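User: I am new to this structure. Please show me how to read its features, one at a time.

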Amino acid sequence: MKILVINGPNINMLGIREPGIYGKDSYGDLLALLTTTGQELGLQIDHFQSNHEGAIVDTIQDAYEKYDAIVINPAAYTHTSVAILDALKAVSIPAVEVHISDVSAREAFRQISYAGMYCEKTIKGQGIDGYRQAIVYLKEKYGCH
């Protein structure tokens, strides 16, 4: 099974940016977690991060017929990007949304998730372990193709 993990703006600044909200784990720690999780579960896990909405849309489109599932943390684009929602809908790849912080307990503008309108599950407030939880969920639900 091939899973693509997509991260939006500022996720590359983990451990530096507002550690009281996002934790002390770095982006490198997240990538190491993805590698370890893939090895433990026998999955191919690829990752992509961009601060640019169009690059994220392009990456989702490029995933068509190449990946079995997507784990996506659109970050700030969660609350603004109909383009990312439309790209997810266009490729029809099973997807889980992940948020490192508990966005439901934060500012009012963070209460809407466009990507979440497509994703079958949202994991929030679990730190970087939310990515592992999303991958485990997808493997258990969809298995190997």
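User: Which side chain does D129 meet in a salt bridge?

Analyst: Start with the general idea. Side chains of opposite charge can pair when their charged atoms come close. This model is predicted. In it, D129 pairs with R132, at 2.7 Å from N to O. Both residues lie in helix 5, three residues apart, which is about one turn of the helix.

User: Is D129 buried or exposed, or something in between?

Analyst: D129 is partly exposed, with 27% relative accessible area. R132 is partly exposed too, at 30%.

User: How many salt bridges does the structure hold?

Analyst: Two. The other one joins K141 to E120, with the closest N and O atoms 3.2 Å apart.

User: Why does the pair of K141 and E120 tie parts together?

Analyst: Look at where each residue sits. K141 is in helix 5, while E120 is in the loop between strand 4 and strand 5, so the pair links parts 21 residues apart in sequence. K141 is partly exposed at 48%, and so is E120 at 33%.

User: Now the core. Which residues touch the most other members of the largest nonpolar core?

Analyst: A nonpolar core joins buried residues through side-chain atoms within 4.5 Å. Here the largest has 23 residues, and I3, V5, I11, L30, V71, Y131 and I135 touch the most other members. Helix 5 gives the largest share, four residues.

User: What does I11 touch, beyond residues up to four places away in sequence?

Analyst: Its contacts are Y27, L30, Q49, N73, A75, I100 and Y131. There is also a second, separate core of 18 residues, including V57 and I70.

Notes. Residues numbered from 1 in each chain as written. Predicted model: local features only at pLDDT ≥ 70, side-chain atom pairs only at ≥ 80, totals over all residues. Heavy atoms only, no water. Buried < 20%, exposed > 50% of the residue type's maximum accessible area, 1.4 Å probe, protein only. Helix = DSSP H or I, 4+ residues; strand = E, 2+ residues; numbered from the N terminus. Contact = heavy atoms within 4.5 Å. Salt bridge = Lys/Arg side-chain N within 4 Å of Asp/Glu carboxyl O.
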